[in-house]
Amino acid sequence: MRPSLLRAPLGRLLTVFGPFSPSPNKPATQTAAASHRCHQRNTMRYQTEERGRPNSANYRIFFKTSEGKYISPFHDIPLIAETEEMLFNMVVEVPRWSNAKMEIATKEPLNPIKQDVKKGKLRYVANIFPHKGYIWNYGALPQTWEDPNHADTVTKCCGDNDPIDVCDIGTQVCFPGQVIQVKVLGILAMIDEGEMDWKVIAINALDPAAKELNNIEDVHRSRPGHLEATVDWFRKYKVPDGKPENQFGFNGEFKDKSFAVEIIKSTHEHWRALVQRQTSSKGIACKNVSCHESPLKCCADEARAVVQSVRIFAFLFLADISKPYKTIRSRFGV
């Protein structure tokens, strides 16, 4: 059962969630792509390293710290980014207006981002009129897990075996693998084919409107129609694939910030049990480099070996795709 609702002020959540190690607040170092024969992007605190060919089943986005240490975005990026304002880290999987269903690969070592595959085909989300692709930056909160062994006390549905999902309603269009800090505003209880699939509503802390948006009612007031469109999108987005409409708890009403934080707290505790092997993993890969209480913690060399086992397809030479594969292979050194 879910723990009782949190009564303490949000500023005291650190004592409820337990000790955290916020990411160092410094920019990631710039690393030349050629030195690794792969494409890299930098975020404020983390780097991403892309391997495989985009728009293919072998494409992966791995994560590194600013010091170049490979990590799992699922397990090694802290949930809480900043305690004074209660900001959470969000791993962006799908940018706004895009259609490719990118997601954290929960069942692969180090949990890179990949494109979902259904029935042997790459998965793309259909455009739900009048929208183009996803209508927000979509991603997940690290160090959370919707436990499929746990039934929600209200909806009676078990978790979907994934990190908890987040919709960033800020104006910036992000990129897959970007790690942003968000303010939580509320939450929607979506039920996807009988599974509990919470959708956290949040805003990028750097967004110009972030100071004015502090709860779900602020979104209702300042952005009329936005939340209604969110419910409509989630209700219908699987229908073009022949699936039924999704259902919702609480009659499709958004719950407020305090309720959302309590759900996040619960999923974080389920994640703790997961990485400590106190519950059934349901196939989740829990290899990590920083969870000290986890028996699945690995060293930097093991993490590097995981990444290097993925075939490189250097983006510098994508223009050579029309040349014979043998020529491309020799230029990549693989």
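Start with Cys298: its sulfur is 6.2 Å from the closest cysteine sulfur, in Cys299, which is too far for a bond. The criterion for a disulfide is a pair of cysteine sulfur atoms within 2.5 Å. By this rule the count comes to zero disulfides. Cys286 is in no disulfide either, and the nearest cysteine sulfur, that of Cys291, is 8.9 Å away. For the terms that follow, buried is under 20% relative accessible area, exposed is over 50%, and partly exposed is in between, with a 1.4 Å probe and protein chains only. Cys298 has a relative accessible area of 7%, so Cys298 is buried. Cys286, at 4% relative accessibility, counts as buried as well.

A word on the model. It is a predicted model, in which local features need pLDDT of at least 70 and side-chain atom pairs count only at pLDDT 80 or more, while totals for chains, interfaces and linings use all residues. Residues are numbered from 1 along each chain as its sequence is written, and side-chain values use heavy atoms, with hydrogens and water left out.

Now the overall numbers. The chain has seven helices and 16 strands; these are DSSP runs numbered from the N terminus, helices being H or I with at least four residues and strands being E with at least two. Of the 334 residues in the chain, 55% are buried. Contact here means heavy atoms within 4.5 Å. Among contacts with a separation of 6 or more, 64% are between residues 24 or more positions apart.

Next, strand E2, residues 46-51. Six of its six residues are buried, so E2 is largely enclosed by the rest of the structure. Tyr46, Thr48 and Glu50 point one way, Gln47, Glu49 and Arg51 point the other way, and both sets are buried. Strands count as paired if DSSP finds at least two bridges between them. E2 is joined to strand E3, residues 60-65, by six bridges, and the two run antiparallel.

Which residue of E3 is the bridge partner of Glu50? That is Ile61. Ile61 counts as buried because its relative accessibility is 0%. Leaving out residues up to four places away in sequence, Ile61 touches Thr48, Glu49, Glu50, Pro112, Ile113 and Pro176.

Strand E6, residues 87-94, is also mostly covered, with eight of its eight residues buried. With strand E5, residues 80-82, E6 pairs in the antiparallel sense over two bridges, and Ile80 stands opposite Phe88. E5 and E6 form a hairpin with four residues between them, and Met86 in the turn has a positive phi of about 55°. With E14, the pairing is antiparallel over four bridges, and Phe88 has Val182 as its bridge partner there. With E11, the pairing is antiparallel over three bridges, and Val94 stands opposite Tyr138.

On to helix H4, residues 226-236. Its buried residues are Leu227, Ala229, Thr230, Val231, Trp233 and Phe234. They pack against strands E11 (137-140), E13 (165-168), E14 (179-192), E15 (195-204) and E16 (247-248), and against helix H3 (216-222). Take Thr230, which is found in H4. Thr230 is buried, with a relative accessible area of 1%. Not counting residues up to four places away in sequence, Thr230 touches Ile135, Trp136, Ile201 and Phe254.

Last, the largest pocket. The search runs on a 1 Å grid over the protein atoms alone: a pocket is an open set of points with protein on both sides within 12 Å along at least five of seven lines, a cavity is a set where a 1.4 Å probe fits but cannot get out, and lining residues have an atom within 4 Å of a point. Points are joined across faces, edges and corners, and volume is the space filled by probe spheres set on them. The largest pocket comes to about 950 Å³. It is lined by 37 residues, and Glu103, Asp116, Lys118, Arg123 and Lys238 lie nearest its centre. Two or more lining residues come from each of strand E7 (102-104), strand E9 (117-118), strand E10 (121-122), E11, E15 and H4. E15 gives the most, with three residues. By class, the lining has 13 nonpolar, two polar and 22 charged residues. Here Ala, Val, Leu, Ile, Met, Phe, Trp, Tyr, Cys and Pro are nonpolar, Asp, Glu, Lys and Arg are charged, and the others, Gly among them, are polar.
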